[in-house]
Amino acid sequence: MTAVAPPQPTSLRQRLSASPVGAHLAACSVAPRTSEVDRALARMLDDLARPGFWQACEQQVDLARELFARLIGADTDQIAILPNASVAAYQAATSRHWRRRREILTTYAEFPGLAHVWMAHQRMRVRWCGSPSAAVSADHYLSQITDRTALVSVPAVTYRDAVRLDVRRVADAAHAAGAAVIVDAYQAAGVMPLDVNAMRCDFLVAGTGKYLLGLPGIAFLYVRQPGAGPAPTLTGWLGRTAPHALRATVLDSPPHARRFETGTPAAAAVYAAVAGLSLVGDLDLRQVRSHTQRLIAVAAHRLTEQGEMVRVASNLDAQGAHLALIEPHAEAMSAWLGHRGIVTAPRHGVLRLAMHAYTTGDDIDAACEAIAEYRHRAGSAR
């Protein structure tokens, strides 16, 4: 049997489903549609029409768990499947003993889906590092970790400005002070290599609706020591040792990460997760990382030459997979670009342009030319 070579980064372009979209630069917000996801959803509908749908769906759940574990260098028993990042954050927080240590350290650049969970937790006090108006760095974390810190929440890449943080450095300092670390990898998983053992994090959360090329509705929670600490109080039938025993009067918890799970996951998102993770798993993420960094450098240079203001790290190793163009009316610009087949991701004051393995130089050209036209038309209308 002839071995099939894994796809090269730009060959993934052929997997994007035919659509009027010319350049999809929004994977930091929503994944593009792929032919693999189309087929996965069709398979789900076929399974739904046959006996044994739930068994087929559970097989997809197990496969998604396995594929994600492989992606981040974890064991399958360390992975829980949950509906979103907020639930994952809540599960991680409630698995800790909050006694003398009551502080959680996070950043103003934290995604609200996690930050609001920390703020709402009745037994925690939140400390913020960095500045609301400036990029966060590992140094900001290191200066704030104390013997009162119980949990440090650090994004692998910030959702707005794409700052890539030195998670390992933060984790080492946190552990030296006796604190645990949770990493939000939503803006990193699928577009750069991740290794939980190298990062030394205690928890990691990521979802399939962005760079992992699936649909919203599925999040993964990695737990380094899933059997330690109290059982989560938010639970459901899948969080039991033998869920299919369906014992309403038994509330036990298995020693693996499935103790963090709750109820039945969204079937469509599960099937799509397997499709997206299979695509990403066939990529060399080191190549993808190099590819996106090159494109970001090109886009940043060209947009700056056009007179735009962009937020991009001087050292591209500290940059995630998108760049942020400063624009007070980002939603209006994004809508205008969208009508011309260029999908972008606005976020309060910036227009985010996200790169992935399928992004090409032609995409960058099209986006930069369209932005220049937008500025010209806006100037002409004054």
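**Close-up views of a predicted model**

**View 1. Helix α1 passes helix α8 in a right-handed crossing.** Right-handed here means that the near helix is turned clockwise from the far one by less than a right angle. Helices are DSSP runs of H or I with at least four residues, strands are runs of E with at least two, and both are numbered from the N terminus. The contact (heavy atoms within 4.5 Å) involves residues of α1 including Val 37, Leu 41 and Met 44, and residues of α8 including Tyr 271, Ala 275 and Leu 279. Sorted by type, the contact residues are 10 nonpolar, no polar and 3 charged. Ala, Val, Leu, Ile, Met, Phe, Trp, Tyr, Cys and Pro count as nonpolar, Asp, Glu, Lys and Arg as charged, and the others, Gly among them, as polar. Helix α1 covers residues 35-48 and α8 residues 267-281; they pack at about 140 degrees, with axes 8 Å apart. Axes are lines fitted to C-alpha atoms, for helices over the stretch in contact, and angles run from 0 to 180 degrees between N-to-C directions.

A quick note on the model: it's predicted, so local features need pLDDT of at least 70 and side-chain atom pairs 80 or more, while totals for chains, interfaces and linings use all residues. Residues are numbered from 1 along each chain as its sequence is written, and side-chain values use heavy atoms, leaving out hydrogens and water.

**View 2. Here's the open sheet, with 7 strands in mixed pairing.** Follow the order β2-β8-β7-β6-β5-β3-β4. Two strands pair if DSSP finds at least two bridges between them. At the edges sit β2 (79-82) and β4 (125-129), each pairing on one side only. The twist averages 20 degrees from one strand to the next. Zoom in on β6 and β7: they run parallel, joined by 3 bridges, and Ile 182 has Phe 203 of β7 as its bridge partner.

**View 3. Helix α3 (residues 85-94) lies across β2, β6, β7 and β8.** Among the buried ones are Val 87, Gln 91 and Thr 94. Their cover includes α4 (112-120) as well as β2, β6, β7 and β8.

**View 4. The largest nonpolar core has 67 residues.** A core is a set of buried Ala, Val, Leu, Ile, Met, Phe, Trp, Tyr and Cys residues joined through side-chain atoms within 4.5 Å. Val 183 is one of those with the most contacts inside it. Beyond neighbours within four places in sequence, Val 183 touches residues including Val 154, Val 167 and Leu 204.

Note on methods:
Buried means under 20% relative accessible area, exposed over 50%, partly exposed in between (1.4 Å probe, protein chains only).
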